Amino acid sequence: MSELVLRTKRERSVLRRHPWIFSGAVETIRGGAEPGATVRVVTAAGEPLGFAAYSPASQIRARMWTFAPEETVDAGWIAGRVASAAARRDVLFADGATNAVRLVNAEADGLPGCVIDRYGEWVVCAFNTAGAERWKREIAAAARAAVPGCRGVYERSDADARLREGLPPASGLLEGEEPPERIEIHENGCRYLVDVREGHKTGFYLDQRDNRAAVRALAAGRDVLNAFSYTGGFGIAALAGGAARVTHIDLSASALELAERNTSLNPGSGESVFLRGNVFEVLRKFRDEGRFFDLIVLDPPKFAASKGAVMKAARGYKDINLLGIKLLRPGGFLATFSCSERMEPELFRTVVAEAASDAHRSLQVLRRLQQAPDHPEGLSFPEGLYLKGLLCRAD
Ligand code: SAH
């Protein structure tokens, strides 16, 4: 087997169980290796540290499969990792109120670059690195085996991350039957339709599940603004919590169409309004009209895709939060998010605090929010915490 030899004194991060090996830490690849090949990782002195997947096109040159030099990374080992990650989710969803769950969350589950989401009887996978790509057939088969009654496994490998690996986008059926156009799922008793072919990510923002529940718990009798609504997630949860009215805003006509269908799938007495438009413009219009809301959700897309874009993104987050805070009734709630991994939690907090002070409002943080526990963050891999939020109450 080929060996990835680290430069002198560059083994520290691997010893701390950080899964990424950057190009600058690599002395040489002894024996050569194809993209996605498994390489033995050794220190400059030849000490074995474990095994990694090789990504020659990426600055992240290799990602650790295992820190145990005695293990063998083969099809059975990969299948075992998938099965144990899936089994770890059972305790989180034992009550049956939710059937859409992330089964494998990449690095945090010891499978770098590999995402597996379950939507009821269907599985959707994304393979974002050369190593995950190398094993995708085995991973798909293992995912199918891990889901009782699984009818099909669909691939949605179209994230930008693949480009940095020199991999073209790929999507289509991997195992079993073609999924239907819309898959119906339930989350904490709410019903949603998911478009796994064209939808964002693998089709649904499963990472916001607990945050939707937090909003639902505060929604009774309230007038709710669901900005960046996508297919209605937060708003439908708010209606289930007894919201009097929900106003959804999104740029995407197809997302709003699905939001309307999702709304009609769920019984409830609250009113729903669907506005197609740019949140920045619609919120300014609401401000000029003197409109106020009791509960506002701001869940924008990633504003910072790269390190260099963080300061520009911070201005975007500040603008949107400033507009949102101005629309809060006294005592109103704000659930505000950033899903840019480049945006550190403290920077996000600072940005929201600056927005509040520019709006001349005092806000209390009731709870810090993050991605749901089926999207765990490896303790030695802080990069895995990408979704941050603040649940605030205004004065
Ligand atoms: N909260 C949603 C996920 C939001 S994803 C959920 O829980 O499911 C972000 C959404 O913002 C996408 O649907 C995208 O179409 C929309 N979007 C992006 N920029 C926008 C803008 N400037 N104005 C309105 N919507 C926007």
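Visitor: How is the protein chain divided?
Guide: The model is predicted. The chain is divided into domain 1 (3–66), domain 2 (75–183) and domain 3 (205–394).

Visitor: How far apart are domain 2 and domain 3?
Guide: Their C-alpha centres lie 28 Å apart. In the contact between them, domain 2 supplies 14 residues and domain 3 supplies 11 residues.

Visitor: What area do domain 2 and domain 3 bury between them?
Guide: About 970 Å². Carbon and sulfur atoms account for 63% of that area.

Visitor: Which elements give two or more residues to the domain 2 side?
Guide: Those are β7 (100–105) and β8 (114–119). Of the elements on that side, β7 gives the most, with four residues.

Visitor: What classes of residue are on that side?
Guide: The side of domain 2 that touches domain 3 has six nonpolar, six charged and two polar residues.

Visitor: Changing topic. How many salt bridges are in the whole structure?
Guide: A search of the whole structure finds 29. Side chains of opposite charge can pair when their charged atoms come close.

Visitor: Which residue does Lys201 meet in a salt bridge?
Guide: Lys201 meets Asp207, with 3.1 Å from N to O.

Visitor: Is Asp207 buried or exposed?
Guide: Asp207 counts as buried because its relative accessibility is 3%, under the 20% cut-off. Lys201 has a relative accessible area of 33%, so Lys201 is partly exposed.

Visitor: What about Arg287, what does its side chain meet?
Guide: The side chain of Arg287 forms a salt bridge with that of Asp288, at 3.2 Å from N to O. Asp288 counts as exposed, with 61% relative accessibility, and Arg287 counts as partly exposed at 34%.

Visitor: Where in the chain are Arg329 and Asp294?
Guide: Arg329 is in strand β18 (residues 328–338) and Asp294 is in strand β17 (residues 293–298). Their side chains meet in a salt bridge of 2.9 Å, N to O. This pair links distant parts of the chain, 35 residues apart.

Visitor: Why does Asp294 count as buried?
Guide: Asp294 counts as buried because its relative accessibility is 14%, and buried means under 20%.

Visitor: Which residues do salt bridges with shared partners join into one network?
Guide: Glu133, Lys136, Glu155 and Arg162.

Visitor: Now the backbone. What is the phi of Phe228?
Guide: Phe228 has a phi of about 65°, which is positive although Phe228 is not a glycine.

Visitor: Where is Phe228 found?
Guide: Phe228 is in the loop between β14 (223–227) and α7 (233–240). With a relative accessible area of 15%, Phe228 is buried.

Visitor: And what is the phi of Tyr230?
Guide: Phi of Tyr230 is near 50°, again a positive value in a residue other than glycine. Tyr230 is found in the loop between β14 and α7.

Visitor: Is Tyr230 buried or exposed?
Guide: Tyr230 is buried, with a relative accessible area of 12%.

Definitions and conventions:
Residues numbered from 1 in each chain as written. Predicted model: local features only at pLDDT ≥ 70, side-chain atom pairs only at ≥ 80, totals over all residues. Heavy atoms only, no water. Domains from an automatic or database assignment. Contact = heavy atoms within 4.5 Å. Buried area = accessible area lost by both parts, 1.4 Å probe. Nonpolar A, V, L, I, M, F, W, Y, C, P; charged D, E, K, R; others polar. Salt bridge = Lys/Arg side-chain N within 4 Å of Asp/Glu carboxyl O. Buried < 20%, exposed > 50% of the residue type's maximum accessible area, 1.4 Å probe, protein only.
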